Number of protein chains: 2
Amino acid sequence: MTITDAAPARLGDDVGACSSAPVDPCGSESSEARIIRDVLSRVGDKWSLLVIRMLHNGPLRFTQLQRSIDGISHRMLTQTLRNLERDGLVSRTSYPEIPPRVEYAATDLGRSLALPVLGLVEWASGNHASITDARDAFDAARD
Amino acid sequence: MTITDAAPARLGDDVGACSSAPVDPCGSESSEARIIRDVLSRVGDKWSLLVIRMLHNGPLRFTQLQRSIDGISHRMLTQTLRNLERDGLVSRTSYPEIPPRVEYAATDLGRSLALPVLGLVEWASGNHASITDARDAFDAARD
DNA sequence: CTGTATCCCAGGTGATACTG
DNA sequence: CAGTATCACCTGGGATACAG
């Protein structure tokens with residue numbers, strides 16, 4: 001986990017903090033980077049988190065999800081659900097009735113993901129204003 | 001997600017679905033959804049988190065960052081740094097020397113963001129295997 | 001060294017129509 | 001109701017050249 005690995009010691013060390021090693025230069029950097037990007041490409045798309053979040057309180061049907069998530073298209077909801085199902089974050093239960101009924105629910109893995117995600121949401125809620133202000137200031141200073 | 005070169009920062013563009021109620025339309029739902037998407041579009045792009053992470057231990061120069069982050073292009077590093085600076089997550093200090101020297105550092109806001117982000121990274125590290133397994137199983141069952 | 005501008009392509013996403 | 005396929009668009013992002 002974490003960030004404790006290939007950290008170059010501040011300024012001054014100048015060139016090539018890791019230029020001597022013939023193999024695996026810079027240690028496990030790219031490995032962690034890959035994990036970060038991996039989780040982001042999974043959860044960082046436009047809709048996944050919103051779906052995860054909606055399913056956190058209990059199963060929902062396709063149409064219920066579509067109504068709950070403002071702006072999501074039919075196609076993207078299907079696609080998002082497929083990816084989440086594929087990654088074991090959401091389960092799909094189909095009832096062979098007429099008309100068909102399908103319920104989606106968060107798996108344990110999906111619910112465990114919701115925890116750190118909520119941390120991020122909390123940060124976003126708390127610092128949303130700071131970001132907006134900073135952005136306005138930056139744009140204003142750029143005239 | 002939105003990192004357009006000179007984007008005029010579109011904020012509340014998610015209207016449409018809830019147009020009837022005169023007060024607090026759609027409840028707090030769409031508001032939270034907007035915040036989630038907002039933070040994700042900021043941090044969920046391909047490079048921002050990696051930059052934030054590299055700057056967590058101390059300031060770095062442009063070239064140091066480029067060498068540290070595997071695969072990032074000149075253009076995207078500039079662009080990512082501008083966006084982070086604009087949002088108050090990174091500070092930029094230019095020393096009028098020859099050749100020019102510019103140092104980037106995480107702001108307090110940037111560092112505070114790193115915390116929940118690390119939670120996500122930790123989750124990713126811990127559950128990476130589960131996801132991969134689930135995916136393999138899903139793909140195998142689909143033959 | 002740092003930053004900007006241009007060209008260009010792959011991929012994500014919406015609209016729409018069709019099937020079970 | 002739920003899912004799939006097709007098309008068309010737009011944006012992210014790499015390569016490259018140029019400027020300060």
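In which handedness of crossing does α5(A) pass α5(B)? The crossing is left-handed, a term used if the near helix is turned anticlockwise from the far one by less than a right angle, with clockwise counting as right-handed.

Before going on, a word on the model: it is predicted, so local features need pLDDT of at least 70 and side-chain atom pairs count only at pLDDT 80 or more, while totals for chains, interfaces and linings use all residues. Residues are numbered from 1 along each chain as its sequence is written, chains are lettered from A in the order in which they are written, and side-chain values use heavy atoms, without hydrogens and water.

**The helix pair**

Helix α5 spans residues 108–140 in chain A and residues 108–140 in chain B, and the two pack at an angle of about 165 degrees with axes 10 Å apart. Helices here are DSSP runs (H or I, at least four residues), strands are runs of E (at least two), and both are numbered from the N terminus. Axes are lines fitted to C-alpha atoms, for helices over the stretch in contact, and angles run from 0 to 180 degrees between N-to-C directions. α5(A) and α5(B) are therefore roughly antiparallel, the word for angles over 145 degrees. Residues making this contact (heavy atoms within 4.5 Å) include A:L109, A:W123 and A:I131 of α5(A) and B:L109, B:W123 and B:I131 of α5(B).

**The wider interface**

Chain B gives 59 residues to the contact between the chains, and chain A gives 59 residues. About 5,600 Å² is buried between them, with carbon and sulfur atoms giving 66%; buried area is the accessible area (1.4 Å probe) that two parts lose on being put together, summed over both. On the chain B side, B:R53, B:R86 and B:W123 supply 13% of the area buried against chain A, more than any other three residues.

**Salt bridges**

A salt bridge is a side-chain nitrogen of Lys or Arg within 4 Å of a carboxyl oxygen of Asp or Glu.

| Pair | Closest N and O atoms |
|---|---|
| A:D87 and B:R135 | 3.1 Å |
| A:R82 and A:E85 | 3.6 Å |

A:R82 and A:E85 both sit in helix α4 (residues 74–86) of chain A, 3 residues apart, about one turn of the helix.

Conventions: Angles under 35 degrees count as roughly parallel, over 145 as roughly antiparallel, 65 to 115 as roughly perpendicular and the rest as oblique.
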